[in-house]
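Dear colleague,

I am handing over the structure below, and I would be glad if you kept it open while reading the notes that follow.

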Amino acid sequence: MNGLEGNGDNSQASNGPRANDACFEHVVVVLNPAAGRGRGRRWQPVLAQGLRRALGRECHIEFRHTELDRGAETVARQALHDGADLIIAAGGDGTLHGVVNALAGSGVPVAQIPLGTGNDFARAVGIPMDPMEALEVLRTGSAVPVDLGLKGERYFINAAGCGFDAAVAERIQRGFRRLRGTPAYVAAVIAALLRYRATDMTVTVDGTTVAQRAMLCAVANGRSYGGGMRIAPEARWDDGLLDICVVAACTPLEFLRAFPMVFRGEHVHHPKVTLLRGASVTVASEPAVSVLMDGELCGATPVSFGIAPGALQFVVP
C-alpha cells in the first residue's frame, strides 16, 4: 500500500502527492444512511460508481453502514482492524466525528463526502458540498496532516462549544419537521433564545483568563459551525492552536441583531466578543452548561481542551 502524505500547509496542500497517485487496496466508506434525512441511503449507488472511477477498478471498495447500535466510530475501528488503507466518512459532522476518533494517530488517511446538514470542516478545507464534486477531491487531492482538538481522550476535528451553542444543538436534535442545514440552525437559535440565560463563565487560555457573564465559549479548529457560521474566521487547522470566541451576556434582541454578522465573520469586531488563541483551554461556569464537540453533546462544564497537532491525515483539494 502506498499511503498519502502531505506537508500540512493550507496554501501548499495541492503540492503534496495526489490521491490518484496512491495505490489503495482496501477502501471502506463509512456511510450514515440517515444523513441528510435519508440522503445517504439514496446516494449510495451513485457514490459507488463515482468511487470506482476515482480510485480505479483494481481497488476493493466496500460500504459499511452506521446503525443505532453501531455508530461511525465502531464501524471505522472495525474497518481499520480489517486493514482498510483509506476510510471515507460519508455523512455529516457526526459521522466524521466518529471516524476521526477511530483513526486519530493511525496514519491511515480520512476523506469526506459531505451528505449531512452542516459539513463545516469540509467547508473549512474546501471540499465541495456537492457529493459528486467531492468525489473529484479523491482523484486530484492530497492527504495532509491536520490538527485535532482534544477533550480528555476524545477528539474533535472542527469545533467545540460551551453554553448557548450547545443549547442550540440540543434543540436541533429534537428536530424541525421541514428544515435542515442553516435554516434549521437559525430556527434553533431563535427557539433556544427564548429560554437560555447567560452564566458566569471563566475561560483560561494558555494562562490568560477572561471572567464574565457570558452566552457561550466556542473553541475552534475549523472556521465555522452550524452550516456556515464563521465563528472563528481566522482559525487554521494546521497551526497547532485553537481559536476561542467568547460572547458576553446580551439581551435576546441584541443577540438577534448581531447574529447575521457571524455568517460573514464580522462579529469579531463586536464589543461583546472576545477572541483568544492558544493550545490549552479551560472553561468553568456557574451554573454548569452543556458542552458539545462537532455537533455531538458530550457532558458539561467544567471542561478542558487541548490540541493534537497533525494527528490525522485528511484528504483535501
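A residue is called partly exposed here when its relative accessible area lies between the buried class, under 20%, and the exposed class, over 50%. By that scale R277, with a relative accessible area of 44%, is partly exposed. Please bear in mind that this is a predicted model.

R277 forms a salt bridge with D243, their closest N and O atoms being 2.8 Å apart. This pair links distant parts of the chain, since R277 belongs to strand β11 and D243 to strand β10 (residues 242-248), 34 residues apart. D243, at a relative accessible area of 8%, is buried. Salt bridges with shared partners also join E62, R64 and D82 into one network, and the whole structure holds 11 salt bridges.

Another of these pairs is E136 with R139, whose closest N and O atoms are 2.4 Å apart; the two residues are three apart in helix α5 (residues 131-140), and therefore separated by about one helical turn.

In helix α2 (residues 72-81), the buried residues are A72, E73, V75, A76 and A79. Seen down the axis of α2, they fall within an arc of 165°, so they line one face of the helix. Among the elements that cover them are β1 (26-31), β3 (86-91) and α3 (93-103).

Finally, H267 sits in the loop between α8 (252-258) and β11 (273-278) and counts as buried, at 6% relative accessibility. Leaving aside residues up to four places away in sequence, H267 touches R230, I231, P233, C245, M261, V262 and V273.

Methods: Residues are numbered from 1 along each chain as its sequence is written. This is a predicted model: local features need pLDDT of at least 70, side-chain atom pairs count only at pLDDT 80 or more; totals for chains, interfaces and linings use all residues. Side-chain values use heavy atoms; hydrogens and water are left out. Helices (H or I, at least four residues) and strands (E, at least two) are DSSP runs, numbered from the N terminus. Buried means under 20% relative accessible area, exposed over 50%, partly exposed in between (1.4 Å probe, protein chains only). Contact means heavy atoms within 4.5 Å. The arc is that of the directions from the helix axis to the C-beta atoms. A salt bridge is a side-chain nitrogen of Lys or Arg within 4 Å of a carboxyl oxygen of Asp or Glu.
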